[in-house]
Amino acid sequence: MRPSRRGDPTGQSGGPPAIASVPSLRLFPVRATSLLVALLLVALLLVLPRPAQALASGPGCAAQPGVIRLDGRPVLEVRQAPGAQTIEDYIKRAQARVLQLAEDPTVDPNRIVVRSDPPYALVGHEGKDGRFKAEIAVDPRGASCFGLSEQQLAERYRNQLQQAISTFRRRHSLTAWLQGTALAALVLGIYLLWLRLQGRINRALQRRINERQPNLLRHLSRFRFAGLVEAEQLRSGLQGLRQIVHWSLVGLISYLLVPLLLGLFPPTQMIAEGLRGQFRGLLGSFLGGVVQAIPNLLSIGVILTITVLVIRASNAWFKALECGRVSIPGFFPEWAQPTARLAAIVLSLAGLAAAFPYIPGSGSKVFQGAGLLVGVLAALGSSAIATNIISGLMLIYTRAFRVGDRVEINGVIGVVQERALLVTRLKTPRNELVSIPNATVIGASVVNFSFSRREIQQPVALATTITIGYDAPWRQVHALMLSAARSVAGITDEVEPFVLQTSLNDFHISYELNAFVRDPATYRETLSAVLAALQDEFAAAGVEILSPGYHAIRNGNRSTLPPPLGAEVI
């Protein structure tokens with residue numbers, strides 16, 4: 001396979017590119033945008049990869065060819081040393097001799113010629129007296145590694161050597177030093193001018209952010225982001241972003257300036273080349289990683305898009321179940337919203353699991369360590385959390401209560417404010433918020449005062465017990481208790497109240513009044529009103545309420561009846 005041909009004015013050379021002369025810089029207007037574009041173009045040229053030269057295979061050809069350098073720059077490429085020499089020794093001797101030729105002012109590059117001395121083709125210098133001194137020998141084996149004859153390869157070496165020596169002398173001349181100094185001063189002047197301009201732009205942005213802060217908040221309010229950040233947080237964030245961009249730009253331009261200045265002087269050109277190589281390698285690896293990650297990023301985008309669409313379809317389906325547009329036998333409407341959330345969580349986890357292998361670096365040690373840490377944390381805290389989560393799900397699907405129901409849980413009576421996966425929160429009549437772990441709720445008895453009205457369209461009953469002596473006729477007691485219940489506004493007339501005699505005690509009889517509440521939300525107030533009505537009814541009828549029980553003999557003790565309204569108490 002023939003190598004690509006570069007840098008050969010005769011069309012026969014194919015080795016490394018010849019050393020070019022220092023290009024002259026054009027003066028351009030000192031404007032921030034133009035300078036920035038020019039510097040970015042220079043950076044792009046620095047990082048562009050050079051085309052690789054193909055190697056011809058053959059017996060004895062080096063896997064990694066040797067390069068004869070002059071002033072640190074490649075001049076000749078050697079793939080097999082002539083004769084029995086090693087390629088390392090041959091490169092070392094040839095490189096020292098080429099440097100002597102370049103530094104010897106008596107050597108005319110145009111008098112470097114090729115002579116045939118079978119089986120070799122010799123490249124050497126022909127003096128003014130016509131004497132020829134061989135410097136480089138090319139044999140048929142070395143030429144075959146390039147796919148050329150020894151004469152063709154020798155002519156290529158001659159042309160590259162002539163051009164390299166001429167370029168070396170031109171770069172080390174006094175004119176080149178003066179030109180490099182002038183260009184360095186010009187570049188430094190432009191850089192300092194750009195620094196001042198960049199500083200002014202940075203300060204102007206700082207003032208503009210402080211002045212236009214209210215306008216930025218108004219713009220954020222259009223996207224419903226205004227409530228997420230405060231004015232001071234927005235200002236601090238924008239100022240921090242401004243400083244990061246400013247100093248990043250200053251650092252990048254300053255770094256690119258160093259190899260540019262060092263490349264203008266021969267002694268520091270190799271340092272400049274090394275810095276350029278580092279920057280090219282860093283940027284090339286970054287851009288290569290980005291290019292390699294594009295298919296994976298597209299796969300992640302497709303997976304996430306499908307996941308979002310499926311979640312939206314699932315939410316729409318459960319919304320229809322909740323509204324009654326779609327029905328499933330045995331599936332209650334109040335199950336729709338929590339089931340939709342569970343389905344969304346499951347679908348999201350499935351989408352993340354499917355997209356995880358495509359995340360750049362997902363197989364690295366960092367991801368593995370993070371996964372191990374998450375696993376340890378989950379193992380340490382999963383027992384209590386999992387118990388409460390499972391209990392919360394059981395409460396949802398057992399339909400024990402809804403948000404807004406009046407319930408009694410573990411001795412706490414209140415209205416359900418929130419039914420989360422971990423806790424259930426009740427608001428008591430005293431406006432206290434009680435949080436009960438779901439594991440406790442699932443193990444306790446739950447009394448739901450709102451269930452009967454909602455599910456079976458029947459009112460819930462309240463019950464209260466009083467004790468009356470044996471001297472009071474039980475029919476009178478029943479009538480008084482029923483009259484008291486009917487007089488309360490919170491007692492409904494949908495179902496008639498009734499009285500039960502629950503026990504015959506030693507000194508009194510226990511009577512239980514069962515009355516049905518019109519609104520479960522007023523259960524506590526209605527019970528208080530019923531107790532007050534019972535006291536009024538029995539006091540008006542002259543019947544004593546023996547609660548607590550009395551067992552004294554009537555020997556002049558005062559009656560337990562309250563005095564009539566307005567009477568004087570002695």
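At 6% relative accessibility, Asp139 counts as buried, where buried stands for under 20% relative accessible area, exposed for over 50%, and partly exposed for what lies in between (1.4 Å probe, protein chains only). The model is a predicted one, in which local features need pLDDT of at least 70 and side-chain atom pairs count only at pLDDT 80 or more, while totals for chains, interfaces and linings use all residues. Residues are numbered from 1 along each chain as its sequence is written, and side-chain values use heavy atoms, with hydrogens and water left out.

The side chain of Asp139 meets that of Arg141 in a salt bridge of 3.5 Å, N to O, the term being used for a side-chain nitrogen of Lys or Arg within 4 Å of a carboxyl oxygen of Asp or Glu. Arg141 itself is partly exposed, with a relative accessible area of 40%. The structure holds 8 salt bridges, and a network of them links Arg111, Arg115 and Glu126. Another joins Arg425 to Glu418, with the closest N and O atoms 2.8 Å apart; here Arg425 is partly exposed at 25% relative accessible area, and Glu418 is partly exposed at 36%. In the pair formed by Glu432 and Arg430 the closest N and O atoms are 3.7 Å apart, and Arg430 is exposed, with a relative accessible area of 55%.

We turn now to the nonpolar cores, each a set of buried Ala, Val, Leu, Ile, Met, Phe, Trp, Tyr and Cys residues joined through side-chain atoms within 4.5 Å. The largest has 30 residues, and those with the most contacts inside it are Ile68, Leu70, Val78, Val123, Leu153 and Tyr157. Among the elements that each supply at least two residues of this core are strand S1 (66-70), strand S2 (73-78) and helix H4 (150-171), where helices (H or I, at least four residues) and strands (E, at least two) are DSSP runs numbered from the N terminus. Apart from this core lies another, of 26 residues, including Leu480 and Ile509.

Helix H8 (residues 269-323) has 55 residues, which at 1.5 Å a residue should span 81 Å, and its end C-alpha atoms are 77 Å apart, which agrees; the expected span is 1.5 Å times one less than the number of residues. Just after H8, Gly324 takes a positive phi of about 90 degrees.
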